[in-house]
Amino acid sequence: MTTWGLVLETTVGLGERKHTEAYVMAHVEGPRETALAELEKRARAYSPEHPRSPKRRRLFRSDNGFLLVIDGAWQSHATRFSVAELMDDTDRPAPAEAVGDGSAAPKPEPEPEPEPQPVTPALPTVTAERDEDGVPVKPAWLGRTDLA
């Protein structure tokens, strides 16, 4: 069965730090039409952070998704929604492949646990005089010689 990724591309940041980021909103298994229907629901319900005072909202359909254009008081903001077939995913578990006798392939040996690292001793706790609100009267760092 085909797995489709529902992808959102939007502009984030302000001024010179403005850039485009892509997010995979969800995965849908089944025919492309099912994925497009789910993508349309999400595009219609999407409410971006910018513009803060939208004046006009337009949703366009394209071959592989939708384009949402929202006009604000000063600028227009666009968000692209697209559906794309998932071809490879490093976090997706590999399907069990059959070997010659029809049984499932053997699972790889688990990695050995790492050796425990030595624990560094904790700094001694100092009980400091505190005022009525519980705030130390003298800061803990005051008078330390190891801070340079």
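Me: In which order do the five strands of the open sheet stand?
Reply: The pairing in this open sheet is antiparallel, where two strands count as a pair if DSSP finds at least two bridges between them. The five strands stand in the order 2-1-5-4-3.

Me: Which limits apply to a model of this kind, and from which number are residues counted along each chain?
Reply: The model is predicted, and local features need pLDDT of at least 70, side-chain atom pairs count only at pLDDT 80 or more, whereas totals for chains, interfaces and linings use all residues. Side-chain values use heavy atoms, with hydrogens and water left out, and residues are numbered along each chain, as its sequence is written, from 1.

Me: Which strands stand at the edges of the sheet?
Reply: In the order 2-1-5-4-3, an edge strand has a single partner strand, so one side of it is left without a neighbour in the sheet. The strands in that position are strand 2 and strand 3.

Me: By what angle are neighbouring strands of this sheet turned against each other on average?
Reply: Axes are lines fitted to C-alpha atoms, for helices over the stretch in contact, and angles run from 0 to 180 degrees between N-to-C directions. For neighbouring strands of this sheet direction is ignored, and the average turn is 15°.

Me: How many residues lie between strand 4 and strand 5 in the hairpin that they form?
Reply: Strand 4 pairs with strand 5 in the antiparallel sense over seven bridges, and I70 stands opposite H77 of strand 5. Strand 4 is also joined to strand 3 by seven bridges, and that hairpin has two residues between its strands. Between strand 4 and strand 5, the number of residues is four.

Me: Which residue is the bridge partner of T10 in strand 2?
Reply: Strand 1 and strand 2 run antiparallel to each other and pair over ten bridges. In strand 2, the partner of T10 is E21.

Me: What span does helix 1 reach from its first C-alpha to its last?
Reply: Helix 1 covers residues 32-45 and has 14 residues. The expected span is 1.5 Å times one less than the number of residues, and helix 1 is close to that expectation of 20 Å, reaching 20 Å.

Me: Why do the buried residues of helix 1 line one face, and within what arc do they fall?
Reply: Buried means under 20% relative accessible area, exposed over 50% and partly exposed in between, with a 1.4 Å probe and protein chains only, and the buried residues of helix 1 are A35, L36, L39 and A43. Seen down the helix axis, they line one face because their directions fall within a limited arc, which is that of the directions from the axis to the C-beta atoms. On the other side, E33, K41, R44 and A45 are exposed.

Me: At about what angle does helix 1 run to strand 5?
Reply: What covers the buried residues of helix 1 includes strand 1, strand 2, strand 3, strand 4 and strand 5, and helix 1 lies across these strands, contact meaning heavy atoms within 4.5 Å. Its angle to strand 5 is about 160°.

Me: Is S82 buried or exposed?
Reply: S82 lies in strand 5 and, leaving aside its neighbours within four places in sequence, is in contact with residues including G5, L6, L39 and G65. At 10% relative accessibility, S82 counts as buried.

Me: What distance separates the C-alpha atoms of E49 and V12?
Reply: E49 has its place in the loop between helix 1 and strand 3, and its relative accessible area of 54% makes it exposed. E49 and V12 are 37 residues apart along the chain, and their C-alpha atoms are separated by 8.9 Å.
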